[in-house]
Amino acid sequence: MLKVENLHASVGDKMILKGINLEVKAGEVHAIMGPNGSGKSTLASVLAGNEKFTVTEGSVEFEGENLLDLNIEERSRRGLFLGFQYPVEIPGVTMANFMKLAVNEQRKARGLEPLTAAEYLRMMKEKSAIVELDSKLTSRAVNEGFSGGEKKKNEIFQMAMLEPKLSILDETDSGLDIDALRIVATGVTRLKTKENATVVITHYQRLLDYIVPDYVHVLYKGRIIYTGDKSLALKLEKEGYDWLINDYKEE
Amino acid sequence: MEKDTKDIIQELESGDYKYGFVTDIETETIGRGLSEDVIRLISAKKGEPEWMLERRLKAYRHWLTLEHPHWAHLDIPEIDFQDVIYYAAPKQKKALGSMDEVDPELKRTFDKLGIPLEEQMALAGVAVDAVMDSVSVKTTFRDTLAEKGIIFCSISEAIKEHPELIKKYLGSVVSYADNFYAALNAAVFSDGSFCYIPKGVRCPMELSTYFRINAEGTGQFERTLIVADEGSYVSYLEGCTAPRRDENQLHAAVVEIVVEKDADVKYSTVQNWYPGDKEGKGGIYNFVTKRGICREGAHLSWTQVETGSAITWKYPSCILQGDNSSGEFYSVAMTNNYQQADTGTKMIHLGRNTRSRIVSKGISAGRSQNAYRGLVRVAKGADNARNYSQCDSLLIGDKCGAHTFPVIDSQNPSAVLEHEATTSKISEDQLFYCNQRGLSTEDAVGLIVNGYAREVLAKLPMEFAVEAQKLLSLSLEGSVG
Amino acid sequence: MVVERINEILGAKPVDAGGALSSGAYVICGDSATDVTVAEGTTAQLLIADAPGAIEINIDVERGANLSIVHLVTEHSSTNISIAVAEGGVCRMTQAVISSSDSRVVASLVGSGARFELGGVFVITDEDQTSVTVDVNHMVADTVSRTMVKGVASGNAHGSFSGLVYVAPDAQHTDSVQSSRNVTIGTARIETLPQLEIYADDVKCSHGATVGQMDVDAILYMRQRGLSLVDAKRLQIEGFVDDVVLHASVEGITDALTELLGEKLTRL
């Protein structure tokens with residue numbers, strides 16, 4: 001589904017990604033961990049097409065297409081979803097309106113008719129239940145005045161609405177209390193199918209108790225320096241990153 | 001993203017004005033120019049009584065002593081007032097008895113404009129007075145309204161049929177001596193709407209006036225007078241369009257509203273006069289004086305969505321004369337290409353315990369200039385006055401200007417007045433977020449702009465709100481992407 | 001006299017005929033026209049005290065220079081101060097006005113990274129007619145300004161504040177906050193005109209203005225605890241202007257400023 005090869009990206013003069021290799025197949029869950037500043041969020045942004053970053057080298061293939069040729073919304077419409085670490089507030093624009101536009105763009109890209117108002121409302125109701133999102137929030141402006149937990153639930157709600165092929169969740173667990181974490185993580189798990197894939201970017205292993213990864217990658221200084229299975233996350237939780245970083249330095 | 005936004009801005013600038021057609025209808029006009037004879041001619045054409053003519057002449061003589069105002073943040077080219085046609089009327093064969101007798105070409109015009117002049121109106125529940133060039137074409141629903149004692153007719157008819165009301169109220173809120181354009185209007189106004197809501201009556205439907213400039217070289221000087229008697233309520237809508245022409249046309253209207261004790265008036269405008277082309281050629285000069293006076297316990301609310309006109313100069317105001325009266329002003333002013341707008345409000349607190357609220361949202365794109373100008377004055381005797389003002393500006397592109405010129409004048413120490421203003425642009429983060437959810441940048445900008453204006457749009461009656469939303473996105477066309 | 005006291009605290013010397021300031025403290029007193037230059041990289045302090053009549057001062061803050069101004073208006077005067085701040089320069093200004101007067105500050109930020117801050121207080125009573133103008137021109141990209149003017153008017157006084165933030169075309173990343181806060185007492189009149197004129201889009205500009213009154217409940221509370229009405233009022237007004245006084249551009253003059261205003265405050 002996603003094939004990243006030797007990806008280099010920079011912001012201004014500063015090289016942040018220095019040769020990422022990553023392959024994600026349908027049905028898989030990947031976790032990306034790593035210390036602060038290792039480039040985790042940059043990787044997510046670059047894959048989504050944030051133009052703040054310049055790709056200087058390497059390739060990204062998504063469903064057989066060159067992802068780097070596409071702009072942000074084209075990537076979105078092809079089924080790539082980014083759950084933001086800091087979802088932005090859009091004053092005055094209601095969630096309901098925003099999502100209706102987004103869902104219908106998604107449907108248009110898939111050759112489907114726009115939803116009728118009734119269908120759309122039914123869908124909203126059904127999907128908001130997945131993350132126990134207070135239905136009142138959908139009549140409020142996008143993320144405005146939402147608590148940290150509500151914002152993150154809202155991201156997963158949108159993921160449910162848009163039914164992406166590949167979801168990249170950037171620190172979706174940060175700032176969540178344990179209940180919200182459970183709700184968000186269960187939501188992600190419930191949306192999991194054999195046809196889609198998830199990349200979870202996280203600091204903590206606790207999220208991975210709910211979302212069980214097939215692979216755990218450790219990102220450090222712009223490279224994936226180690227890949228393991230779910231037991232790696234536990235080891236990192238206990239022992240930190242030092243043992244890996246030291247190994248890497250010796251290399 | 002930066003580049004993308006610029007492209008979009010350019011695309012938006014190419015947006016088209018869809019009301020730019022001209023109606024091919026025989027028009028009766030008088031020659032260009034202004035003199036006492038022209039005023040006598042206008043008055044005679046309307047079959048006005050002598051006292052009305054005297055009023056016009058008095059205003060004209062005063063106007064001659066005035067200079068064109070320069071204080072606004074506007075670059076107004078010299079206007080030759082002798083090169084304007086002050087009266088133009090679509091020719092009608094005879095007096096109108098029913099809707100069927102209206103010239104079919106005229107009806108088609110109003111159909112194109114989407115004005116529900118006929119049966120659809122019953123469904124929409126809106127009574128319409130349509131003014132083309134200088135005369136009122138047709139006032140619908142008059143009978144239904146008459147049952148409640150509501151008078152809704154053209155001002156020309158009112159002068160003839162309700163002289164006692166006109167004598168009492170016309171010019172009582174905006175005197176001919178008020179300003180340059182108020183004087184000009186008082187001298188040459190040709191038509192407009194008159195509305196009277198009797199004591200204690202709640203007007204059962206929205207009343208609406210639709211203004212249309214059609215004839216070439218004409219100025220439009222309509223005059224609207226609304227009187228809401230004690231304890232009554234009315235919601236009034238005003239819409240305007242004009243054909244696309246290379247010349248600039250002058251529109252200088254006066255709207256007066258008298259809100260008697262405990263009455264409540266809501267006045268909504270969607271102003272979409274032809275704004276000129278993307279090089280700034282042509283377009284309407286829109287110099288309008290709108291003011292209402294509130295007696296004890298009365299309430300007046302102005303809502304405006306201003307997207308049209310080459311130049312807008314307009315300050316719908318409230319004189320809060322009575323104790324416990326209140327005024328509101330909600331405005332979205334959007335300028336694109338070479339448009340200029342200097343708009344805002346005055347809230348004059350005279351009575352005790354008076355309240356006012358101002359919410360202004362300016363949106364500038366292209367090479368346009370958009371200014372908010374406001375005055376909040378609390379007079380000496382106006383104990384416990386309160387005002388809250390919020391004036392925001394949104395800039396789209398780096399060639400436009402957004403300005404805020406509020407004046408707060410407190411002469412009573414019990415006043416509590418607050419003014420806040422912010423200036424922002426659409427953030428890259430917001431665009432990125434919307435793009436990531438699959439929205440094109442153009443849709444995202446439309447969405448964000450409508451969201452930004454939502455607080456004001458929400459104040460419009462439903463049908464108007466939908467129209468205004470479309471208009472905002474349309475006016476943005478060619479400015480972002 | 002407060003002016004002398006502040007002078008003493010600063011150890012200020014008169015500005016030379018050439019008007020060039022090197023590091024140290026200076027004073028301009030009275031009715032004159034003066035051109036002042038703060039040389040590149042220097043840090044200087046300048047006390048400006050008015051005298052009856054007109055005073056006109058042009059100040060150049062050169063690259064990377066740092067100037068702190070204390071401006072006292074205690075006489076029937078008309079003051080015009082123009083300040084140009086070059087690249088990386090900083091000008092901080094504290095202004096205290098207690099008389100019928102007309103003062104105008106025009107600050108132009110002409111170099112990238114330039115910064116201008118003004119904290120002002122006017123306290124006027126009786127028949128005072130006072131006008132305070134602060135115009136800030138952001139002429140180039142990446143400049144910052146902060147303006148906060150607090151006004152208190154009592155008796156038949158008439159105070160007006162006019163502030164303009166101008167952002168020139170291409171002066172992107174301008175960061176400007178302008179604020180006018182006012183309290184009226186008695187039959188006084190306050191006018192405030194906080195204005196923005198903006199020709200660049202990537203800017204952060206905001207302004208706010210309020211006109212209000214003393215908090216009656218707070219005064220009642222203080223009096224219940226035994227304070228006189230006058231003291232309760234004074235205390236509240238002191239609290240109102242405190243942030244400007246406490247953040248005076250020059251250290252060590254807080255007490256002197258409080259004393260200057262305090263004397264006037266007893267006449268509210």
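User: What should I know about numbering and confidence first?

Analyst: Residues are numbered from 1 along each chain as its sequence is written, and chains are lettered from A and ligands numbered from 1 in the order in which they are written. The model is predicted, so to speak of local features takes pLDDT of at least 70, side-chain atom pairs count only at pLDDT 80 or more, and totals for chains, interfaces and linings use all residues.

User: How many helices and strands does chain A have?

Analyst: Helices (H or I, at least four residues) and strands (E, at least two) are DSSP runs, numbered from the N terminus. Chain A has 8 helices and 12 strands.

User: And what does the radius of gyration of chain A agree with?

Analyst: The radius is taken over C-alpha atoms, and the globule rule is 2.2 Å times the number of residues to the power 0.38. For 251 residues a compact globule would come out near 18 Å, and chain A has 18 Å, which agrees.

User: What share of chain A is buried?

Analyst: Buried means 20 or more other C-beta atoms within 10 Å of a residue's own, exposed means 12 or fewer, and partly exposed is in between, with C-beta atoms placed from the backbone. In chain A, 45% of the 251 residues count as buried.

User: Which residue of chain B has a positive phi without being a glycine?

Analyst: Most residues other than glycine have a negative phi. Asn324(B) has a positive phi of about 60°. Asn324(B) sits in the loop between strand S16 (317–320) and strand S17 (326–335) of chain B, and counts as partly exposed because 19 other C-beta atoms lie within 10 Å.

User: How many residues of chain C touch chain B?

Analyst: A contact here means that the C-beta atoms of two residues, placed from the backbone, lie within 7 Å. By that rule, 28 residues of chain C are in contact with 26 residues of chain B. On the chain C side, strand S16 (189–198) and strand S17 (204–212) each give two or more residues, and the largest share, 10 residues, is from S16(C).

User: Which strand of chain B pairs with S17(C)?

Analyst: Two strands pair if DSSP finds at least two bridges between them. Strand S23 (residues 416–425) of chain B pairs with S17(C) in the antiparallel sense over 7 bridges. Within S17(C), Cys205(C) stands opposite Thr423(B).
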